[in-house]
Amino acid sequence: MNPPVPAVLMQLAAIVGRNAMPGVPEPERASDLGLTAMLLALAAEVWDTAAHRLVEENRSLRVLLDDSGEDQDLRVSVLQKENERLRAKLIEAHVAAEKAGDTRREQAIWAELRASTERRKLSVSIV
């Protein structure tokens with residue numbers, strides 16, 4: 001699951017707003033604000049690296065898929081949409097490689113999927 005940062009920020013705004021009201025029990029307020037602080041720190045990390053990661057990932061996918069093009073619009077929403085398009089093509093390529101018994105191609109796809117997982121790790125990632 002990968003919730004979009006704007007949705008997380010809106011939820012956090014609601015939590016902070018609720019905790020600004022009088023009468024919130026202290027343990028509940030402390031828990032909510034601690035969780036909010038942690039999620040804001042993660043959102044800042046994701047926001048800071050998102051464009052770089054998506055450009056790097058889109059380049060790698062294009063090479064693997066022999067897909068020409070480049071990212072000219074660096075808005076995260078545009079990069080993400082292109083990433084989703086490329087990932088859909090990667091799934092098709094993976095299925096085709098499996099059906100054809102093309103193990104070299106399958107290995108190249110798995111290598112990119114592992115690299116993609118590494119790129120998406122956060123500072124708090126355990127694995």
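## Helix packing

In this predicted model, α3 passes α4 in a left-handed crossing, meaning that the near helix is turned anticlockwise from the far one by less than a right angle. Helix α3 (residues 76–100) and helix α4 (residues 103–119) pack at an angle of about 145° with their axes 9 Å apart, where axes are lines fitted to C-alpha atoms over the stretch in contact and angles run from 0 to 180 degrees between N-to-C directions. Helices are DSSP runs (H or I, at least four residues) numbered from the N terminus.

Local features need pLDDT of at least 70 and side-chain atom pairs pLDDT 80 or more, whereas totals for chains, interfaces and linings use all residues. Residues are numbered from 1 along each chain as its sequence is written, and side-chain values use heavy atoms, without hydrogens and water.

## Salt bridges

Arg62 forms a salt bridge with Glu82, with the closest N and O atoms 3.0 Å apart; the term requires a side-chain nitrogen of Lys or Arg within 4 Å of a carboxyl oxygen of Asp or Glu. The pair links helix α2 to helix α3 across 20 residues. Arg62 is buried at 5% relative accessibility, and Glu82 is buried at 17%, buried being under 20% relative accessible area with a 1.4 Å probe and protein chains only.

Conventions
Helix = DSSP H or I, 4+ residues; strand = E, 2+ residues; numbered from the N terminus. Buried < 20%, exposed > 50% of the residue type's maximum accessible area, 1.4 Å probe, protein only.
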